Amino acid sequence: MSGKKLEIDGVTYRRATLADHRAVTELSNDVNPYEGLDYLEYFFPKYISQGNRHCYLAEKNGKALAYMQNILVDGGLTAIGQAGRSAPDVQHKGIYKTLFAYFEREVNAMNPHYERVSYTAYLSDFQKKFLKKAIYKVVDTRFVRAYKMNTSPTTTIADNDSIQNIPVKEVKQINMQEMLEILCDLSTKQKLFPKDSFISLWMPFSTSIAIQSNIKQIYDDSTVYATFDKNGRCTSVISATIIHCPYGLRYDVNFYGTGGSADLQLLKAHILIQAKLAWDYSIEHNRKAIMKIFWPTEIPLEMVDDFALNVMGWDKGPFWQYPQYISAVADKEKAQVTTSKL
Ligand SMILES: CC(C)(COP(=O)(O)OP(=O)(O)OC[C@H]1O[C@@H](n2cnc3c(N)ncnc32)[C@H](O)[C@@H]1OP(=O)(O)O)[C@@H](O)C(=O)NCCC(=O)NCCS
């Protein structure tokens, strides 16, 4: 059954290929889901080449009508749904639902052992209503902010005394082996990832199941940095990813601390390091830069806003009205999309 195309009401449902890059980009530009911060055009060729990622398309006469993708993580146990798009002129006609049902059929044929479906999303009004249906259970709620970087961080640092006390020297880039060691130290892992979830590039990874393959996937897209105390215990971890978007360069920074009072300073240290890298990269590529920061709700939103807007001198970015995002999970049977068309 796997790989078989479906034709319903003149619409073809099938696996996407690299040849669909332009059609998928045109669809995504029409939908413009993230106000200039869409990642799909940039990552699509990579997604298509990844063995554990499955990309699906609904099309008619060569025009992409809907798109979605999934990635299997946690050793094949969890399918993360991503990048759902449906052309504005065909929305609410069930095309996306049919594509989703088609995906479920395909992924079941290819990987019958997957057990659950997860996703991440802004905690929008739609999400609040959707979660009331109680199909999915929220695993984690975190803050998210996009800040437009308008000034060179070097100028900001030189001008600001309060920055001198931020422990930037403690931050170091870590390799996969070092990340593995952090996750194998159970008490540190429990403090850093109490929800058993490391969300990197909007993908929630378990920190206890199939951690080697999850770490490999995280490093495939991102770079990881950490800080350590004087006993060598990890005190914070971030994953950082550069994404070329229609707006410019988007720098995603996902912060995890140990929940103590030092977390805010450590987050600021990571932001400063990443700001310098992002700024230099944006100058090199002659593009505008935006930093998107994701952090635990224990660190108040106002404090991070104050640092970004008043100390760094950045501006508010897209989706300001939604400062939180969630990750949610459901058993595959519960999440199953039913459509009379398949
Ligand atoms: C979400 C989206 C793909 C739905 O496409 P569609 O072709 O209109 O969908 P269908 O007609 O097949 O089915 C509608 C279903 O979409 C779901 N839906 C609508 N808006 C949604 C959203 N923002 N997020 C997730 N699902 C959504 C609804 O649950 C609805 O199901 P229901 O009829 O049981 O309520 C489309 O609205 C879209 O492209 N939105 C912008 C991009 C986006 O927000 N994507 C979200 C996932 S990344």
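Strand β7 (residues 137–149) and strand β16 run antiparallel and are joined by 6 bridges. Strands here are DSSP runs of E, at least two residues long, and helices are runs of H or I, at least four residues long, both numbered from the N terminus. Two strands pair if DSSP finds at least two bridges between them. Within this pairing, Lys-137 stands opposite Val-329 in β16.

Before I go on, this is a predicted model: local features need pLDDT of at least 70, side-chain atom pairs count only at pLDDT 80 or more, and totals for chains, interfaces and linings use all residues. Residues are numbered from 1 along each chain as its sequence is written.

Which other strand pairs with β16 (residues 324–331)? That is β6 (residues 116–122), which is antiparallel to β16 over 7 bridges. Val-117 has Ala-330 of β16 as its bridge partner.

Now the domains. The assignment, which is automatic or from a database, gives domain 1 (6–114) and domain 2 (140–327). Their centres, taken over C-alpha atoms, are 28 Å apart. Across the boundary, 13 residues of domain 1 are in contact with 19 residues of domain 2, where contact means C-beta atoms, placed from the backbone, within 7 Å. The side of domain 1 that touches domain 2 has 8 nonpolar, 2 polar and 3 charged residues. Nonpolar covers Ala, Val, Leu, Ile, Met, Phe, Trp, Tyr, Cys and Pro; charged covers Asp, Glu, Lys and Arg; the others, Gly among them, are polar.

Next, the inside. In soluble globular proteins, nonpolar side chains tend to be buried together. A nonpolar core is a set of buried Ala, Val, Leu, Ile, Met, Phe, Trp, Tyr and Cys residues joined through C-beta atoms within 7 Å. Buried means 20 or more other C-beta atoms within 10 Å of the residue's own, with C-beta atoms placed from the backbone. The largest core has 66 residues, and Met-149, Val-253 and Met-291 have the most contacts inside it. Helix α9 (residues 263–285) gives the most to this core, 9 residues. Each of domain 1 and domain 2 supplies at least three of its residues.

Last, the ligand. Which residues come nearest to it? Of the 15 around it, they are Gly-84, Ser-86, Gln-91, Tyr-96 and Lys-97; a residue is near if its C-beta atom, placed from the backbone, lies within 6 Å. Strand β5 (78–86) and helix α3 (95–110) are the elements that give two or more residues to this shell. The largest share, 4 residues, comes from β5.

Methods. Buried ≥ 20, exposed ≤ 12 C-beta atoms within 10 Å, placed from the backbone. Contact = placed C-beta atoms within 7 Å.
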